[in-house]
Amino acid sequence: MLDVKYIRENLDQVKSALGKKGFVFNDEEFNRLDEQRKSALTKAQALQAEKKKASKQIGALIGQGMSPEDAKAQVMGSIDSDITDAEQAAKDAEQAMRDLLMSIPNVPHASVPFGKDEDDNVEVLKWGTPASFSFTPKDHVDLGEALGLSFDDGAMLAGSRFVVMSGPMARLHRAITQFMLNTHTEEHGYTETYVPYMVNRTALEGTGQLPKFEEDLFKIPSAQGEKDFYLIPTAEVPVTNLLRESVTDIQLPIKKVAHTPCFRSEAGSYGRDTRGMIRQHQFDKVELVQFVRAEDSDAALEELTGHAEAILQKLGLPYRKITLCGGDMGFSASKTYDLEVWLPGQQKYREISSCSTFGDYQARRMQARWRNPETGKPELLHTLNGSGLAVGRTMVAVMENYQQEDGSIVVPDALRPYMGGVEVIRP
């Protein structure tokens, strides 16, 4: 979340920047709560000072022979109850301000372009040339029917937006995952991390999914009567929260990679991408997370995005890199690059990775800090994450870009060691 002091001192700038995201900042409500909070704290502090002064008067009266009970009754009056009321008012004011701050998105980076939606995003580069086919290329749904990809079985077991993979498709899915993990750990310096697939509410508040986006999550009531769990929408949530409420002395940057299933309700996507694996309730992803110093976060975003791009390049998949405009950015992000891979079956580029820097926005919500060795003082970390990549969408891209006229799929060179040397997947 944003810093109260920063908002107070840069109110017009914050309002203007948030307008880039289409967010209307209510400065009247902010100022009202800010004044209420300061007034309640001041009153509580004044009453505490009054109590301290009264304590000395009680001592003097006792010294003059008055009983402690009578002395306290004469001097203190209702100070104790007034202090209790004032401290509660201060807590309520602090909570009201925190609730407001939790509802305010992150301020976009100065380099983020203006725009309302994906039509206003800015293309940064294109890599690779889409293949020319001597036949009409199929999409992954038609290709997968004979290769072990069953959406009918997925629907039978769980409903729409689920898939069952068997045989060569299951193996290809696993091979892509292992290839990504090995590349990121062996070549890009990430530490492989295994995390829970369910988290508590606090974790989702820390990374910004809650309270605003609860309808996008799958909530699991606890049978033991404890706090509810949520299935993770991305490994970003548990991995980033590993440093929650802590001050780390580990040398920065900290770079972690995790492979997990991800679960999303896809609320608001009714009628979109109902065919195939592009938009599923359950899908796998290899997630990259970095914790860095403030002065390194801009460079870290370029590096992390480059690590995701490296996977696409090693697989020979044409893609483009775009900078998201303010209106198309996520709630917590300060700046985001999307990578979109070419899908011949759709004849268009589709998102396969989203790489973002969050500044200290998530760290302030989580109180995730590092100790600066130069000053010895704790400072908020800067956090970044990105898909490196979405496994299912990568498999879709491999299938469609490497398809042959007979329905077979040529296995990219980079994946063959993970496929037992298999060069072609045949129906």
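How many bridges join β6 to strand β7? Select residues 229–231 for β7, and you will find two bridges to β6, with the strands running antiparallel. Strands here are DSSP E runs of at least two residues, helices are H or I runs of at least four, and both are numbered from the N terminus; two strands pair if DSSP finds at least two bridges between them.

A word on the model: it is predicted, with local features needing pLDDT of at least 70, side-chain atom pairs counting only at pLDDT 80 or more, and totals for chains, interfaces and linings using all residues. Residues are numbered from 1 along each chain as its sequence is written, and side-chain values use heavy atoms, leaving out hydrogens and water.

Now click Ile220, which stands opposite Phe229 in β7. Widen the view to the open sheet of three strands, β5-β7-β6, paired antiparallel. β5 (198–199) and β6 (219–220) each have a single partner strand, so one side of each lacks a neighbour in the sheet.

Next comes an open sheet of eight strands with mixed pairing, ordered β1-β11-β12-β13-β16-β10-β9-β4. Its edges are β1 (122–127) and β4 (191–192). Inside, pick Cys355, whose bridge partner in β16 is Gly386.

Finish with helices α8 (168–186) and α13 (391–401), whose axes come within 10 Å and cross at roughly 115 degrees. Axes are lines fitted to C-alpha atoms, for helices over the stretch in contact, with angles from 0 to 180 degrees between N-to-C directions. The two helices are therefore roughly perpendicular (65 to 115 degrees). Among the residues making the contact (heavy atoms within 4.5 Å) are Met169 of α8 and Val391 of α13.

Definitions and conventions: Parallel < 35°, antiparallel > 145°, perpendicular 65-115°, else oblique.
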